[in-house]
Structure formats: C-alpha cells, structure tokens
Amino acid sequence: MKKFLFKISFYIIGIIAILLFLGTYADGNTDDNYLHFTGPKPSDMIMGDSRGSQAVNPNILDDKLKGREFNNFSLNITDSPYGQIYFEAIKKKLNPDTKDGIFILTVDPWNLSIDKNVKEAKDLSENASGLADMIFYDVKPNYEYLLKHYPDSWFNIYRDREAVARSNTYLHKNGWMEVNVNVEPDTLRRRQTQKVKDYIEFVKTQKISQYRLDAFEDIIEYLKAKGTVYIVRIPGFKGIMEIENKYSPDFSKRIESIAQKKGVKFFDFSLQSDQYIFTDGNHMYKESGKIFTAQIADSILLDKKILK
C-alpha cells in the first residue's frame, strides 16, 4: 500500500507540474476574460459591457491624457451588467490607493436592463460570471481563474498561445478587446441585418431595471471618492439605435438626470452612429474605436480645462 501511495504521489506531482507549466502560457488568446483577472491593479478604468470593451481603447486615452494608464474592465452584458456583483468586482480590481483616477462608465439600455423572468437576485446572469466568485484580480498566471472558469483542456492554452498567432478576438493586457473580422460592406450588411433580427427578439425579454440603476448610482458614488467619473453612451449602428430608442425612449434623459444628481459629466454619442463602422451593428470596429476614444479623451480634456 505504501509503495502504491508513493508511486501515485509522483504521478499526481507530475500532473500538477504540467498544469502549472501550461498555465504560464495563458494570455489574450485563452478566452475573452482571463486577462481581466491579472495585474497590476489600475487607477484609471473603463467599465461597461462588450460595446465598451471593443470601442474604448486604453492606448488612445493614455496617449492623449498624459500620465494615465487606463485599463478596460468592460466584459459583456452577461458577465458585467451594472449590479452589485460588478460593483464588488470593481472594488477588487481598482488600486485601493487611488485618489485622482479617471473613470469612464459606458452605458446603453442593455447593461441597465434585466430579463423579465428574473424574480430574485440569485437568478441574475452575472451569478455565473467569474466576477461573482473570483478572489484574485492581480496575479499572473491566475490559476484560480483557470481552475474555476477555463473548462477546456489546459493543453489548449499552450496550443492557442498568442506567440503562435493572435486570435480574431484578442484581449490585450490593458483590457481592450481587439476584434478582427471582415468589414467589407456586403459582409457588414449581412451581420447588421442578423443583429437587428436578434435584438427585435431580445427586447421582448428585457426591461429597464431599477436594481441595475441603483447599483449604477452606487458605483458612481464610490468612484467619485477616488477621482473623476464620466458617463459615456456608446452608439450602435442606425438599425440598433432605432430599436434602443423604441425600447427606452427616455434613456439618455434618464442617464443625464443621474449624472446631474451625482455631479458628473455625461457624454452622449448616441446620435453619432453614422460616424462609425460597426462590425455587427452593435460593436464598433477597432479603427472607428480609435476615433471614438479620441473624442472621449478630447471631451475629458475640455472638461478638465473648464474645471481649471
């Protein structure tokens, strides 16, 4: 029996050693969220859903807002809609010593909505997110994340590592999600048409949530104590904006009201959808995102100048 245990212990140690080795190759190709749980903790952050993760490029903000190092902590409407789980995750992600940060909260009706069938907090979509159960947000490799939220073989981490080739959806270390897809006009039209169909069905299941609005206000209040907060509404393409405006006609007015109550600025770009290219009607193409992010930075610089 002792010999058996001795032999099996070598086997177990070998497996653990292999897994530890494979985990060191986890990177922006591993999945869409892994690098959000690696360090260091930022003092300047972008928050929101997948619109924000793709449209707001931290590199552009860093270049225009000198002395800043932004991290995009936007995931998607399933994992990071505004709510208490996201709020607690933001607290864990943020550098606790932050005193003069800049915080960009991106909004659209969807990250402030809830499924009509949800009756209790335990049924919220984000309960299945890594944000709900992760402890460590600033370690690399983050074995906690891989053990809890990477369901595939860890050999895939090594096989698909960015040193071989970057995936079409690549998460940068600063949290920006770079998406590389065909943006030929005919291809875009097909994707946009499908996205409109998807959202026509999606809105039937959704309603603006007071729970999410309250959490959104709580997040603003928390971040205000650590710096300056800006709310940004990111547009989709015309067809999606028509659906949004029909779904929640007073959305921008409601957000403006919150901004005024909390004493923060609201930059509303919802009427400027014709200025950008969208990969699927909902998410901004990366080159348009650079222009859009520069506009956000210019708006912040103007606000800072006025405040002086």
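Modeller: Strand β6 (residues 177-179) gives the most to the lining of the largest cavity, with three residues. Helices (H or I, at least four residues) and strands (E, at least two) are DSSP runs, numbered from the N terminus. The model is a predicted one, where local features need pLDDT of at least 70 and side-chain atom pairs pLDDT 80 or more, while totals for chains, interfaces and linings use all residues. Residues are numbered from 1 along each chain as its sequence is written, and side-chain values use heavy atoms, with hydrogens and water left out.

Biologist: How is a cavity found, and what volume does the largest cavity have?

Modeller: Rolling a probe the size of a water molecule over the atoms shows where empty space is left. On a 1 Å grid over the protein atoms alone, a cavity is a set of points where a 1.4 Å probe fits but cannot get out; a pocket is an open set with protein on both sides within 12 Å along at least five of seven lines; lining residues have an atom within 4 Å of a point. Points are joined across faces, edges and corners, and a volume is the space filled by probe spheres set on them. Here there is one cavity of 30 Å³ or more, and the largest has a volume of about 30 Å³.

Biologist: Which residues line the largest cavity?

Modeller: The lining consists of Gln 54, Trp 176, Met 177, Glu 178, Val 179, Thr 279, Met 284, Tyr 285 and Lys 286. By class, five are nonpolar, two polar and two charged. Ala, Val, Leu, Ile, Met, Phe, Trp, Tyr, Cys and Pro count as nonpolar, Asp, Glu, Lys and Arg as charged, and the others, Gly among them, as polar.

Biologist: How much space lies in the largest pocket?

Modeller: About 260 Å³. Of its 13 lining residues, Gly 39, Pro 40, Glu 69, Asn 71 and Lys 173 are the closest to the centre. The lining has three nonpolar, four polar and six charged residues. The peptide bond from Gly 39 to Pro 40 is cis, with omega near 0°, and Pro 40 sits in the loop between α1 (2-23) and β1 (44-47).

Biologist: Is Ser 53 buried or exposed?

Modeller: Buried means under 20% relative accessible area, exposed over 50%, and partly exposed in between (1.4 Å probe, protein chains only). Ser 53, in helix α2 (residues 50-55), has a relative accessible area of 4%, so Ser 53 is buried. Leaving aside residues up to four places away in sequence, Ser 53 touches Asn 72, Ser 74, Leu 75, Gly 175, Trp 176 and Met 177, where contact means heavy atoms within 4.5 Å.

Biologist: How many aromatic pairs does a search of the whole structure find?

Modeller: Rings of Phe, Tyr and Trp (its six-membered ring) pair if their centres lie within 6.5 Å; planes under 30 degrees apart count as stacked, over 60 as edge-to-face and the rest as tilted. The search finds 20 pairs. Tyr 25 and Tyr 158 form an edge-to-face pair, 4.9 Å centre to centre with 90° between the planes. This pair links distant parts of the chain, with Tyr 25 in the loop between α1 and β1 and Tyr 158 in helix α6 (residues 155-159), 133 residues apart. Tyr 25 is partly exposed at 28% relative accessibility, and Tyr 158 is partly exposed at 32%.
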